[in-house]
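User: I am new to this structure. Can you show me how to read its features, step by step?
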Amino acid sequence: MAKANKVESYKLESNYLRGPVAEELASETLNVSEESYQLLKFSGLYQQDDRDQRKALREQGLDRAWSFMLRGKSSGGALSAKQYLVYDELADLYGNGTLRFTTRQAIQLHGIIKHDLKATLQKIHEALLTSLGGCGDVSRNVMACPAPEASRKQALLQDIAKDIDLHLMPRSGAYYELWIDGEKQKVADVPSTVYTQAVDEVEPIYGKTYLPRKFKIGIAFPEDNCVDVFTQDIGIVPVMLDDELKGYNLLVGGGMGMSHTDKDTFPRLGDRLGMVEPQQLLAAVEGIVSIQRDYGNRENRKLSRMKYLLEDWGVERFKQELEVRVGFKLSPWFEVGEFKLDDHLGWREQGDGRYYFGLPIENGRIKDDENQGLRSAIREILRALGCEIRISPQHNMLFINLKAEDKDFIEAILRNYRVKTRDEISLARRYGMACPALPTCSLAVADAERALPGVIEGLEPHLISLGLTQDPISIRMTGCPNGCARPYTAELAFVGQSLDLYKIYVGGSFEGTRLVSEYAEKVPRHALVDRVVPLLRYWKDHRNPQEKFGDFCHRIGIDTLITLNLNESALALSL
Ligand code: SF4
């Protein structure tokens with residue numbers, strides 16, 4: 001039998017995520033061992049160090065500048081004003097003075113010193129929030145369309161996200177012992193429905209070694225695929241007929257991460273598994289999780305996401321295994337309409353006489369700087385209105401349940417703090433997404449959040465001169481191939497390859513239904529704009545009416561695009 005990887009041993013020997021964590025948290029050092037680092041992920045904590053300072057510190061013979069990132073959980077991105085304001089307060093008390101919305105509708109705080117972790121997590125707990133399962137080999141924040149639930153349809157999405165998050169929450173008491181002095185938050189005692197072997201009393205769904213890797217679930221109606229449902233381990237697509245819920249279509253085996261150097265790794269879109277009846281959903285989700293738990297690769301973490309199991313087995317075998325576990329048959333996938341995308345920005349009517357307002361947050365980073373007082377503006381709005389918020393899957397912010405008279409108030413505050421709204425930014429910026437990457441992410445090999453604004457700034461004048469400002473393009477950038485900002489479904493993506501060098505990908509769809517193809521590699525950051533502009537020009541000159549950039553690149557074909565060897569001088573000759 002193949003040998004399990006090191007992380008599997010840590011989990012197995014940890015007594016349900018305890019291991020040496022408590023002892024190491026109490027020690028004087030500012031960092032923890034590899035074993036505790038892996039176990040702390042389940043508490044939503046990543047040990048990091050300031051990569052910008054690493055070399056200089058090493059040259060001075062000093063240790064790294066250690067700190068932790070905390071990622072909370074917020075099903076469907078839903079938070080009350082008070083809860084958001086707790087994160088805001090913590091950012092100053094213990095973090096680096098900024099908040100980061102993630103592409104999975106959660107909030108991250110960066111720069112927390114080890115000795116402040118307990119105080120931070122206690123504040124989170126007091127606000128009826130949690131970071132349990134924010135990271136680690138369990139189901140992550142369940143994503144759902146963030147639009148307010150004024151209609152039954154929208155309410156359904158948010159309700160399912162909460163139900164699944166609750167059902168798949170780790171049940172070990174380790175989190176509460178470590179951070180809350182043993183006090184357990186009220187978690188409904190959800191019995192395992194499909195565990196077919198001896199039931200693990202502590203973790204009836206996950207067992208002692210939890211899942212082989214992280215696990216992602218998202219829910220979307222076809223008319224609004226803002227959660228990128230094809231990129232999830234489980235994608236859930238409710239089927240509504242005449243406003244009645246008929247069932248849930250299930251997609252399985254989507255996932256973004258890959259390695260540039262390992263050809264066995266790849267991004268993948270979910271397969272259409274079939275449809276389940278409304279009351280069967282939780283059992284089906286748990287059944288799928290249990291298959292991944294039992295058959296996912298535990299030898300090589302690079303190959304342990306469920307997408308590789310689907311690739312290996314095929315969807316039919318996977319379905320048969322699931323049907324045995326859950327004890328019911330799945331119906332065939334119910335054909336739904338074409339997938340579309342709404343980013344929910346700007347002022348919208350909710351359908352119940354109230355309004356919601358979607359504010360773009362560039363790359364999800366909330367801070368005050370010399371250009372704008374974004375963090376102050378949000379704080380002032382929420383303190384005054386006390387309205388609920390939603391984090392969108394494009395790391396933007398929705399203020400919901402607003403009255404008509406709130407509009408002038410919100411707009412005045414945003415103007416006062418020089419915060420730009422939807423109509424004041426280009427479509428390229430509006431649909432841009434980047435992961436945090438350098439200097440905090442330990443896996444980053446290049447910048448993303450700090451680089452994308454400059455790249456878009458470089459593209460914007462060209463989009464204007466080409467007359468393409470009214471054409472939305474999804475542009476995404478990540479600092480490594482793990483794909484946290486879902487670059488492999490974008491129309492145009494830049495993925496860090498090594499320091500300041502990127503691969504360029506094109507041809508995904510704006511609606512998130514198709515994967516990209518690799519167009520160029522090892523392109524220096526300063527040359528990204530120059531490599532892309534000829535492509536934009538070629539699109540403009542040869543597109544079908546209204547044809548989107550991603551669809552155009554896909555229709556022409558990556559081989560042809562590469563063979564054309566597009567550059568500005570070649571294009572000038574061909575005109
Ligand atoms: Fe870090 Fe890579 Fe994820 Fe970006 S894509 S946050 S660099 S792991």
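Analyst: Start with strands. Two strands pair if DSSP finds at least two bridges between them. Keep in mind that this is a predicted model.

User: What is the order of the strands in the open sheet of five strands?

Analyst: In general, strands of a sheet pair through backbone hydrogen bonds, either parallel or antiparallel. Here the order is E1-E2-E5-E4-E13, and the pairing is antiparallel. Strand E1 (45-49) and strand E13 (365-366) stand at the edges. Each has a single partner strand, so one side of each lacks a neighbour in the sheet.

User: How many bridges join strand E2 and strand E5?

Analyst: Three bridges, in the antiparallel sense, link E2 (residues 66-71) to E5 (residues 107-112). Look at Arg71: Gln108 in E5 stands opposite.

User: Now the helices. At what angle do the axes of H7 and H9 cross?

Analyst: Two packed helices are described by the angle between their axes and the distance between the axes. For H7 (residues 152-167) and H9 (residues 281-295), the axes cross at roughly 45° and come within 11 Å. That makes H7 oblique to H9. Their crossing is right-handed.

User: Which residues meet there?

Analyst: From H7, Ile160, Asp163, Ile164 and His167 meet Leu281, Leu282, Val285 and Glu286 of H9. By class, this contact has five nonpolar, one polar and two charged residues.

User: Which residues are around the ligand?

Analyst: Among them are Cys435, Cys441, Cys480 and Cys484. Pro436, Leu443 and Thr478 are also included. By class, the shell has eight nonpolar, four polar and no charged residues.

Definitions and conventions. Residues numbered from 1 in each chain as written. Predicted model: local features only at pLDDT ≥ 70, side-chain atom pairs only at ≥ 80, totals over all residues. Heavy atoms only, no water. Axes fitted to C-alpha atoms, helices over the stretch in contact; angles between N-to-C directions. Helix = DSSP H or I, 4+ residues; strand = E, 2+ residues; numbered from the N terminus. Parallel < 35°, antiparallel > 145°, perpendicular 65-115°, else oblique. Left-handed = near helix turned anticlockwise from the far one by under 90°. Contact = heavy atoms within 4.5 Å. Nonpolar A, V, L, I, M, F, W, Y, C, P; charged D, E, K, R; others polar. Near = heavy atom within 4 Å.
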